Amino acid sequence: MSVADTGFSVLSEDFAAAPHRSFARLREQDPVHYEPAIDSYFLSRYEDVKRVLTDHEAFTTETLVVRAEPVMRGPVLAQMTGAEHTAKRRIVVRAFTGPALQDQIRAIHANAAELLAPFLARGRFDLVNDFGKPFAIHVTLDVLGLDRRDWQRVAAWHSGVAEFITSLALTPERRRHCMDCAEQLEAYLLPVIEQRRRNPGDDLISKLCTAEFDGIAMSDRDVIALIINVLVASAEPADKTLALLFKHLIDHPEQLAQVRRDPDLLAAAIAETLRYTPPVQLIPRQAEEDSVFAGTTVPAGATVFCMIGAANRDPGAFTAPDTFDIHRPDLGTARSFTAAAQHLSFGTGLHQCVGAAFARAEIETVAAMLLPLLDQVRYSPGFRYQEAGLYTRGPLSLSLDFTPVR
Ligand code: 2IO
């Protein structure tokens with residue numbers, strides 16, 4: 001079925017208000033949805049999405065040349081293949097696992113404590129804007145080894161870069177704004193890179209500057225692209241995931257009580273939040289050959305968007321998929337942050353998220369710290385819940401009241 005048949009569009013206000021309401025209809029009646037205004041196909045079935053993300057011959061990340069490279073200022077990990085991909089991916093994985101991750105957990109703690117302090121005695125804060133967004137940027141700056149005092153500038157440049165990557169259509173004015181942000185971010189990073197090449201520390205930028213591939217150090221352009229890659233991938237989904245976790249727990253008081261009693265359940269609550277409401281809703285690929293899905297041909301050269309939110313709610317993959325349940329037997333919590341994850345919120349295949357273990361540690365650490373402090377946590381009086389975003393999606397704000405800490 002096409003747009004002409006149903007009038008349905010992924011670009012409509014209706015869909016933007018609550019995408020999950022259309023997921024079942026898309027999977028059942030329009031599983032290869034074509035969107036003429038942006039000449040792209042939207043796949044919503046679990047098996048189809050999984051096929052696109054694991055058939056690296058038929059579906060490539062070539063789409064990132066236009067969807068990301070202009071603002072990343074060079075190639076990101078997801079664009080690479082073969083030996084270069086293996087080597088550079090390993091450098092980044094090493095910076096987000098093992099002993100490096102232990103250092104990061106300390107930084108996560110310190111940042112969370114500092115940012116939360118001013119709100120504790122007030123008994124009210126906006127988990128997205130007062131806390132989550134600055135927290136995500138602060139943690140990312142620490143990981144990269146950038147100056148935390150620059151956080152507001154970096155946050156502003158980051159939103160421009162993220163807007164470029166996560167927009168399905170951009171006006172020339174917005175595109176110019178995003179490019180300006182990317183250019184300013186690049187100008188800010190260049191002298192830092194020069195300094196780290198001379199005097200490396202143990203931060204990620206230094207590791208990128210000193211690493212060799214084929215006996216040759218990476219160029220400034222390559223280092224910049226990987227820094228912006230890490231910046232966007234770490235900062236953009238973090239506040240959304242944290243706020244969605246708290247929203248779901250507040251909306252399911254019995255599950256909140258269970259997590260409070262047994263913080264070991266937090267990992268399951270985070271995994272279920274990622275499955276139920278993935279902060280990254282779309283993953284783009286380019287079809288390299290004609291491919292048939294459910295009887296419909298996606299032509300070679302087409303842009304294909306994998307609808308992660310719809311795939312994660314496919315009844316073929318999860319029982320009672322529209323129910324938030326941290327105890328669901330088909331979740332597989334331990335696997336949920338690895339290559340064996342059943343949900344597709346970190347993607348799957350060769351380019352599966354390198355930061356999955358870091359993401360879990362980040363959200364688990366901050367949630368474990370927040371829960372005991374936010375006694376009687378509830379929505380503030382008059383608060384109206386709103387989500388935004390088709391590509392990355394999360395609460396615009398989450399104003400919470402709790403018993404003031406004295
Ligand atoms: C940054 C979209 C938040 C990635 C992207 C150009 C590449 C890649 C992703 C995720 C999440 C961001 N794509 N991370 O979907 O590195």
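**Exercise 1. The second largest cavity**

Find the residues that line the second largest cavity of this predicted model, then sort them by class.

*Solution.* 
Step 1: List the lining. Val-10, Phe-15, Pro-19, Phe-23, Gln-281, Leu-282, Met-307, Gly-389, Leu-390 and Arg-393 form it.
Step 2: Sort by class. Seven are nonpolar, two are polar and one is charged.
Step 3: Gly counts as polar, and Arg counts as charged.

**Exercise 2. The largest cavity**

State how many cavities of 30 Å³ or more the structure holds, and describe the largest.

*Solution.* 
Step 1: Count. There are two cavities of 30 Å³ or more.
Step 2: Give the volume of the largest. It holds about 1,100 Å³ of space.
Step 3: The largest cavity has 46 lining residues, and nearest its centre are Asn-229, Ala-233, Pro-237, Val-280 and Cys-353.
Step 4: Name the elements. Two or more lining residues come from each of α7 (82-95), α10, α13, α15 (266-276), β7 (282-287) and α17 (356-373). Helix α13 gives the most, with nine residues.

**Exercise 3. The ligand**

Where does the ligand sit, and which residues are around it?

*Solution.* 
Step 1: Apply the cut-off. A residue counts as near when one of its heavy atoms lies within 4 Å. The residues around the ligand are Ala-68, Ile-165, Asn-229, Val-232, Ala-233, Glu-236 and Val-280.
Step 2: Judge the cover. On its own, the ligand has 390 Å² of accessible area, and the protein covers 82% of that.
Step 3: Sort the shell. Five residues are nonpolar, one is polar and one is charged. Glu counts as charged, so Glu-236 is the charged one.
Step 4: Find the main contributor. Helix α13 (residues 220-251) supplies four residues, the largest share of the shell.
Step 5: Check for a polar contact. The limit is 3.5 Å between N or O atoms. A polar side-chain atom of Asn-229 lies 2.9 Å from an oxygen atom of the ligand.

**Exercise 4. The largest pocket**

Which helix gives the most to the lining of the largest pocket, and what classes of residue make up that lining?

*Solution.* 
Step 1: Give the volume. The largest pocket has about 590 Å³.
Step 2: Find its centre. The pocket has 28 lining residues, and the closest to the centre are Lys-133, Ser-159, Glu-236, Lys-240 and Thr-392.
Step 3: List the elements. At least two lining residues come from each of α9 (127-144), α10 (151-166), α13 and β13 (394-395).
Step 4: Pick the top one. α10 gives the most, with seven residues.
Step 5: Sort by class. The lining has 15 nonpolar, seven polar and six charged residues.

Terms used:
Residues are numbered from 1 along each chain as its sequence is written. This is a predicted model: local features need pLDDT of at least 70, side-chain atom pairs count only at pLDDT 80 or more; totals for chains, interfaces and linings use all residues. Side-chain values use heavy atoms; hydrogens and water are left out. A polar contact is a pair of N or O atoms within 3.5 Å; within protein, one must be able to donate a hydrogen and the other to accept it, and residues adjacent in sequence count only if both atoms are side-chain atoms. Accessible areas come from the Shrake-Rupley method with a 1.4 Å probe; for residues, only the protein chains shown count as cover. On a 1 Å grid over the protein atoms alone, a cavity is a set of points where a 1.4 Å probe fits but cannot get out, and a pocket is an open set with protein on both sides within 12 Å along at least five of seven lines; lining residues have an atom within 4 Å of a point. Grid points are joined across faces, edges and corners, and a volume is the space filled by probe spheres set on the points.
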